[in-house]
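Biologist: I have a model open and would like to learn how to read it. Can we start with strands and then turn to rings?

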Amino acid sequence: FSALADTLRTQPSVAVSNTGGLGKVTSLRIRGEEGFRTMVLLDGIDMADLTSPQVSPRIDQLLSAGIERIEILRGPQGLAYGADAGGVVNMRSQSPDEGFGGRASAETGRYGTTQFSGSVGADLGAADFIVSASQLDTDGFNSRSIDSETPDDDGYENTSLHARAGWDVSDALRLEAVLRSIDGESDYDGCYSASFSLTHDCRSDFEQDSWLLRAELETGAVNHELSYAESDTDSASFSDGVFSFGSEGSLKRLSYVGRWQAGDATAIVFGLDHENESIDNGSLDRDRDQAGVFAEYQGRFDQLTVTAGVRYDDNDDFGEFSTYRVSAAYVLPVAAGDLKFKAAYGTGFRAPSLYEVGYNLSTSGRPPASDTQLQEETSEGYDLGIVWALDNGAFLELTWFDQSVDDLIEFDLVAYSGYLQTSGETDSRGVELAGRLPLPGGLEILGNFTWNDTETPAGEQRLRRPEQLMNLTLNYRSMGERLLMGVNLRSSRDAIDIGNVALDDYTVLDLNASYRFTPATTAYLRLENALDEEYEEVISYNVAGAAAYAGVRFEF
């Protein structure tokens, strides 16, 4: 998939709502929580967009090109990361091969889509680096059904650059630097002109430049990591070709993490961090600091592993907060594998964003929002699971989760007065089932199913959260792995939108195949939505029909 969101949506408990194709506003929900309660990290950089109303990672601006590994941590992860109820998506970019080398790819497909990407890097022992770039252009399709009189295609362009370099100064000291730049431009429908009339000639521009410096030092039983990261975002919107509004945001983070290996079975992880966030949109110019400190005990007792930690944060605007997390896992050897029982409980909090507070205090805010003094959201959640893993790579995992957010902050969708705070608990609970089964002849079956029950304090289902999500994948690898083929079936059931309007249930079939002609050359074919399923993930927003993409990759 070109879009990172489409890769993530194949994982358990991950739901995605897209508003009209590549580059359009996309919401990522893990275990039923909004994307602004989930932290997205790339090589240690927090990809949050401070210009977005609720400080969300712009998942719609992240491409999958150049991403080597993705780890999803579900539920409250406030201890080490400072993340809220959704969890953490932790990504790692490509690593350089030994010596000097690189790769390049070119792809074309439906909707006038082209994508070029490449990287060059080297691992020279004491030093390593990799530089990658991708360019995606698509004419797109008509993003909204309300654009019906003279419907036009709503295109998207994205240029992403990424670089990472490291230097092993000694056996004990490593220095690393990361740079990331994103430049996106997207056409969309349904904005308002200077005369406040509805128009479908809309465009949004997005630029995000980020960098990070990190030092890792090993001193006997204690390891240290010190990092500083900065991310600057500039977003602007245009209607009928005229600038309508824009914003600049910045996130600066200084972090230290230490690990003391107190014994063969005991470790203490500790750290502190300081964040400064700011936003300026012409009428709102605010900034604030937040400092945090945490410590975690990690112990292993034969087959039992236990962790317990606490975090303290001090926010300039909302004061002091303490959160904690405990977990345990017990591994029982069984024939040809292991049986693991696991449990975790954690808490978190989210301070109202600078935009939420500023909007209610601005001339745009009206009662009842302007009369609301926003307070922090708090969250808590637990999960219980069992994993059966065999030595041949097969596994089956079953997890029950239950989490809640107190005093939820949401935009007033009735009077459009600003941001309101709902008293009481907003819940999300459910079951995750995931498994893998290797088969003879190079075949394997992967699958996951999520049942997710969400509820507002009033007892109603939360918007755009499918009650049932399913992914089923069949992969084939030939001898020598020259031919790779995959079939993925994904399904969504029982979601609603504004006004309790039922969203479409849908089942989408995706196909992919690649063939390595030489050690350096691979051709691939991808067919998305092969059965041309018609559905909406957000009311009045269209999705892509059946679309074929073909490409070639070179390595040197």
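Modeller: Start with the pairing rule. Two strands pair if DSSP finds at least two bridges between them. Keep in mind that this model is predicted.

Biologist: How many bridges join strand β16 and strand β17, and in which sense do they pair?

Modeller: Strand β16 (residues 242-263) and strand β17 (residues 266-280) share 15 bridges and run antiparallel. Two residues make the hairpin link from β16 to β17. For one partner pair, take R253: its bridge partner in β17 is E275.

Biologist: Which residue stands opposite I268 in β18?

Modeller: Y297 does. Strand β18 (residues 285-301) is antiparallel to β17, with 15 bridges between the two. β17 and β18 also form a hairpin, with four residues between them. Look at G282 in that turn: its phi is positive, about 95°.

Biologist: And side chains along a strand?

Modeller: In a regular strand they alternate between the two faces of the sheet.

Biologist: Now rings. What describes a pair of aromatic rings?

Modeller: The distance of the centres and the angle of the planes. Centres must lie within 6.5 Å, and planes over 60 degrees apart count as edge-to-face. The count here comes to 14 aromatic pairs. One of them is Y111 with F141, a tilted pair at 5.2 Å centre to centre and 50° between the planes.

Biologist: Where do Y111 and F141 lie?

Modeller: Y111 is in the loop between β7 (99-109) and β8 (113-123), while F141 is in strand β9 (residues 127-141), so the pair ties together parts 30 residues apart in sequence. Both Y111 and F141 are buried.

Biologist: Why is the pair of F238 and F243 edge-to-face?

Modeller: Because the planes of F238 and F243 stand at 75°, with the ring centres 5.8 Å apart. F238 is buried, at 15% relative accessible area. F243 is partly exposed, at 49%. R203 lies over the face of F238, 4.1 Å from the ring centre.

Biologist: Which residues do ring pairs link into a cluster?

Modeller: Y355, Y359, F411, Y416 and Y419.

Biologist: Is S417 buried or exposed?

Modeller: S417 is buried, with a relative accessible area of 0%. S417 sits in the loop between β23 (395-411) and β24 (419-439). Its side chain makes a polar contact of 2.7 Å with the side chain of D412. Leaving aside neighbours within four places in sequence, the contacts of S417 include Y359, R366 and P367.

Conventions:
Residues numbered from 1 in each chain as written. Predicted model: local features only at pLDDT ≥ 70, side-chain atom pairs only at ≥ 80, totals over all residues. Heavy atoms only, no water. Phe/Tyr/Trp six-rings, centres within 6.5 Å; stacked < 30°, edge-to-face > 60°. Buried < 20%, exposed > 50% of the residue type's maximum accessible area, 1.4 Å probe, protein only. Lys NZ or Arg CZ within 6 Å of the ring centre and 35° of its normal. Polar contact = N/O pair within 3.5 Å; in protein donor to acceptor, adjacent residues only side chain to side chain. Contact = heavy atoms within 4.5 Å.
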